[in-house]
Amino acid sequence: MESIPQLITQPIIEQNPAPTPALVPDQKQNQTQISVPTIVIPARTSASIHPKSSTGTPPSTTATESNDDSSKTLTKSDSTTTNNSNGSTEIVTEEEIEELGIINHSALLSEIAEEFINSIPLLKKVMDSIEYTESFSGTDAVNTIADLIGTSNRKLALAIGRSLESQLLFHDVLYTNELFDSDDIIYQLNARSSMRYNRDSRLDISAIIGDYIETSGIYSEDNDITLDVNSNNNSIHSHTDLPSGVFVAISSCYSPTCTNDSPCYSYSCPRRKAYNLKSSTSKDSKPKHSNTLKSNENAWSTTVGKNVLEKVDDHERKRQEVIYEFIQSEKEYVDDLMAVIKLIKRPLSEGIVPKIDNGFVNVVFSNIEEIFGCNAPFSQTLQNMQQKNSIIDRLGDITMEFVKSFTCYIRYGEIQPLAKEVLQYHKNTNSALENFLKQMQSKKEFRRLPLESFLARPTTRLGRYPILIKDILKHTKEDHPDQKTLKSTMEIIQNILKQVNEKAGKTTDRLKLDQWAKSLDQTTMEKVEDILTLRLNSPQRQFLREGQLLLKRDGTTPQEVDIVFLDNAFVITRKKVNTVEILKKPIPVQLIKLIDHEIEDKNNNKNLPFNEKKYTFSVVHMGYRSYTFIAKVFSEKKSWIETIEERVKQVQGSYIELFNIYSCHLKINTAVVVKDDIMIFANENGLFTNVGNTLSLILPLQRITTIDIMPDAGLLFVLIDKEVIPYSIDALLRGSLVNNSKKPRKLCSGISFMEIGFCYDHHLLCAVKTANTNSTIKSYEPNQPLIDSITAGKIKKSLSTIDVLIPHKQFYIPAEAKSIQFLKRALCVGCTKGFEVVDITTFTTQSLFDTHNPEYEWIIKAEYNPIKLIKTSKGDFIVCYNKVGFFLDKNGNPSRGNTRFFWLNSATTFSYISPYILAISNNYVEVWDENDPDSVKQIIYGYNIRLFTDYTGDAVYIISGSDMQLISRIILSRKRTI
């Protein structure tokens, strides 16, 4: 007979579990010889049994309560189960039954769980001043489940959520509560969603924690702690480890004659149960939770005599109650630390579990003994004070004295995300460890709570201090000395909390980034370049959000994609068999534009069933293309939009300012700045100028390739039909040549390109004639004596513009030249394969850097195009290729370590306004700080952008546009933020 699927309806609490058998296989014969240290811990107060949050969230049931009390804390949602033997049912309203009867969703918990994982918004949330990454509230969980199954019945969604939680799909961050429909309780998935990207990669944990653990030899090659996710036991959220079972309340009846109005005869028919419940009396089915925190069982007033109570007024009595709670909860916290150290940490250090060594212990438990050493004397001092004085007058002095040593919490909080990861991995792969921990969990000291709950105690306790102190201050008179000392104490704790959150966040991001990076597909150079632009190894890199969405495609079904939103880019990926592929070009945050299709969604979803509605938004990669995404639930879409908008707003900054100084409908190919904002433009019809802010033709010429000026000689050079022809700037601006049809003498011919600059104190024009395998460079300089004579009026006769130039040098290089940069005593020629440096006195040629040096192998193999060499204000050089940049000194050695810039787009030219490097491509001007290669500081967006002048001091001039040509000047921002 086939097995019937298990019917899971809600969490099951096992009462009085039997002790776990001995755990170590090879020690079964000697069980009596294995002794676990025991510790006697006094009975706990109700405050410790149900940890109270600042908002008074409902307490959870623990093993210390009676069976009756435990049953009371469960939601007996008989609307989600078949009738029990007593015929008792929970009464729900007719509206809820109507909702219950039209659920059109699979009742398989595995399918609901998988959709939940992909849809629940995982965000950074704060509870008791502690930040929890990739977390969600109970309300978020209920909202998501309700949206997924298509119901407005929150009780039903809550019951399904508790079924998922009971099978360990997620947990509250304190590991003490079941799922509540509340914004005040925070939950996390039991395995981070990023793990699904990394099932077939290998994460070397020892490399990550090397900075944290102060031990020698523990993480040697033979003793590394690694997460080998090739292991079958570590397939996080695979189909084999998702919750299983059928949630019968939303399942469909298989009988063809069964309808909502006339259900079939089956005892377990969901329609029959809903039909029967319609006649029940409506009552509020909200579970009643006894708030034991407010009981007087362990209150201060129960520990003192009547004569003491008569001495204090109500205000002081409340203060003493809070102080008592502070002292008692501190004692119970220290007891928890002692139990973990004596019953779990030390036995593991002594080898009670095979394959668990000090490396594991040092990571998972970190410096918990150091914390115990700080808090144990603190607790003892508080207890002694309570015993000596029924009424405690001053608490601030003692508290401040001990809190100053709480910096040890920073180290603990920093490594806790890694500790959780390592513990989970070893529990999955080491059954002996799993059994040992279950055995400990059954002991009264641990109250049936998992080890993870106790490992979270230090950080959660740290977050509780400000809440308790605020409560004490609330009931302390304004002129009391505690007002000052407790406030100072709270400031110290909050500063420590801030550091804990920052360091824990960095550890979490580093773990996730390492795992994700190792799983990325790197099979092509394009994929490698995309990964390099993300700079995943940067210590500043952060995971902001990740999740699964549908990518809309024209003419076909939407594609399921995984989105990873980093602090610097929006990345669209998809899972492959063993890797993760970056599906589209990463979108820099500065180039993101969001479009919310709210109105379209409203119209499209108008007549659709609840669970078939779709919510869309678009992410525009400015200058590239747009992507439209579909979310299954509204809250998921909203979360994405809010996260992206917040980050885009954060990166907006003005480091470089752009001033549009002239615009025209004339198509401009190139231009030069003569002085101030007076320019000469060139296009296919001739030369134009903007003198008087009106565009006028100054020289009709056809087929102009480029122009450049030599102000010292008063000349403008035109490259036309591979000929270099000089013109007088003054004559052009006066309009003297506009009607001159006589063609002037050419300077040289057969020229591919020309460059003007200074070298060896000479103002040079270099005209380059190139072939496939070689280049000939002719240089000219002004005839300064002749120019001086003309200026002084000593020469009256008319001279040709060629007469004021004289040949300087001519040399040959065995490579095809693409560009020339002028150095102090040499020329740097950009060639097809790299940069060649030519000494213009000896004509010797050498590569800019040693091409045989292994340090430069990456640039040689990558086949990047060399563009420009720029001297920085620090005296070294930024070597600019079309996709990457790096620094060299004058000897061709790295001047700033391994610093590299990976441009977001393939750049066509570069400019420099200290300290900013401008990488210019067709649609963007990327502004990079030379001191910070981690991320682009600013992006100036345009169309058909061309650089035409960058030698006019602290300004750069560009042309942009198609029909309308816009001339802009870029300068340093006067209000820039550093």
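Strand S33 (residues 877–881) and strand S34 (residues 884–888) run antiparallel and are joined by four bridges; strands here are DSSP runs of E, at least two residues long, and helices are runs of H or I, at least four residues long, both numbered from the N terminus. One of these links pairs valine 879 with phenylalanine 886 in S34. Two strands count as paired if DSSP finds at least two bridges between them. The pair sits in an open sheet of four strands, ordered S32-S33-S34-S35 with antiparallel pairing. At the edges are strand S32 (866–871) and strand S35 (900–902), each pairing on one side only. On average, neighbouring strands of this sheet are turned by 20° against each other, direction ignored.

All of this comes from a predicted model, in which local features need pLDDT of at least 70 and side-chain atom pairs count only at pLDDT 80 or more, while totals for chains, interfaces and linings use all residues. Residues are numbered from 1 along each chain as its sequence is written, and side-chain values use heavy atoms, with hydrogens and water left out.

Zooming out, the protein has 24 helices and 42 strands. Taking contacts (heavy atoms within 4.5 Å) between residues at least 6 apart in sequence, 62% join residues at least 24 apart.

Now for the inside. A nonpolar core is a set of buried Ala, Val, Leu, Ile, Met, Phe, Trp, Tyr and Cys residues joined through side-chain atoms within 4.5 Å. The largest one has 68 residues, and Phe326, Ile344, Leu348 and Phe365 have the most contacts inside it. Helix H10 (residues 314–349) supplies the largest share of this core, twelve residues. Leaving aside neighbours within four places in sequence, leucine 348 touches Val353, Ile356, Phe360, Val361, Phe365, Leu433 and Phe436. Another core, of 35 residues, lies apart from it and includes Ala113, Ala146, Tyr187 and Val633.

Helix H14 (residues 408–429) and helix H15 (residues 431–441) have axes that come within 5 Å and cross at roughly 110°. Axes are lines fitted to C-alpha atoms, for helices over the stretch in contact, with angles from 0 to 180 degrees between N-to-C directions. H14 and H15 are therefore roughly perpendicular to each other, a label for angles of 65 to 115 degrees (under 35 is roughly parallel, over 145 roughly antiparallel, the rest oblique). Leu423, His426, Lys427 and Thr429 of H14 meet Ser431, Leu433, Glu434 and Leu437 of H15.

Notes:
Buried < 20%, exposed > 50% of the residue type's maximum accessible area, 1.4 Å probe, protein only.
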